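Hi everyone, thanks for having me. Today I'd like to walk you through a few spots on one structure, so please have a look at it with me.

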Amino acid sequence: EELAINTNPQKQDTDDDGLNDGDEINASTDPLDSDSDNDGMPDGWEVDNSLNPLDDEDADLDRNDDGETNLEEYLASLAA
């Protein structure tokens, strides 16, 4: 089954985005693309932070009203 969709059967998370391939298939995200909506935030980070990995507009929103967009918070998490 994994070979049919080009995922790596030796890895649970082919695109290393924090979501395993099976979860990505169930969520309709792309298990071969770490950022299915191309908003600059990987799918796994979006799911972990209650965002929609299929909605590119959530990058510009501020989910916790702290003055930083979701994308800014993701980028800051990389520096931490």
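Is Ser 50 buried or exposed? Ser 50 has a relative accessible area of 70%, and exposed means over 50%, so Ser 50 is exposed. Keep in mind that this is a predicted model. You'll find Ser 50 in the loop between helix H2, residues 43-48, and helix H3. Now check its backbone: Ser 50 is not a glycine, and yet its phi is positive, at about 60°.

Let's go on to Asp 65, which is also found in the loop between H2 and H3. Asp 65 has a positive phi of about 50°, although it is not a glycine either. Its relative accessibility is 69%, so Asp 65 counts as exposed.

Asp 65 also brings us to charge. Which residues gather in a patch of negative charge on the surface? They are Asp 56, Glu 57, Asp 60, Asp 65, Asp 66, Glu 68 and Glu 72.

Let's pick Glu 72 from that group. Glu 72 lies in helix H3, which covers residues 70-79. With 41% relative accessibility, Glu 72 counts as partly exposed, because that label is for values between 20% and 50%.

Last stop: Glu 73, whose place is in helix H3 too. Is Glu 73 buried or exposed? Its relative accessibility is 12%, and buried means under 20%, so Glu 73 counts as buried. And what does its side chain make a polar contact with? The partner is the side chain of Arg 63, at 3.4 Å.

That's my tour, and I'm happy to take your questions!

Key:
Residues are numbered from 1 along each chain as its sequence is written. This is a predicted model: local features need pLDDT of at least 70, side-chain atom pairs count only at pLDDT 80 or more; totals for chains, interfaces and linings use all residues. Side-chain values use heavy atoms; hydrogens and water are left out. Patches are made of residues with over 30% relative accessible area and no salt bridge: like charges are joined within 9 Å, nonpolar side chains (Val, Leu, Ile, Met, Phe, Trp, Tyr) within 5 Å. Accessible areas come from the Shrake-Rupley method with a 1.4 Å probe; for residues, only the protein chains shown count as cover. A salt bridge is a side-chain nitrogen of Lys or Arg within 4 Å of a carboxyl oxygen of Asp or Glu. Lys and Arg count as positive and Asp and Glu as negative; His and the chain ends are not counted. The place of a charge is taken as NZ of Lys, CZ of Arg, CG of Asp or CD of Glu. Helices (H or I, at least four residues) and strands (E, at least two) are DSSP runs, numbered from the N terminus. Buried means under 20% relative accessible area, exposed over 50%, partly exposed in between (1.4 Å probe, protein chains only). A polar contact is a pair of N or O atoms within 3.5 Å; within protein, one must be able to donate a hydrogen and the other to accept it, and residues adjacent in sequence count only if both atoms are side-chain atoms.
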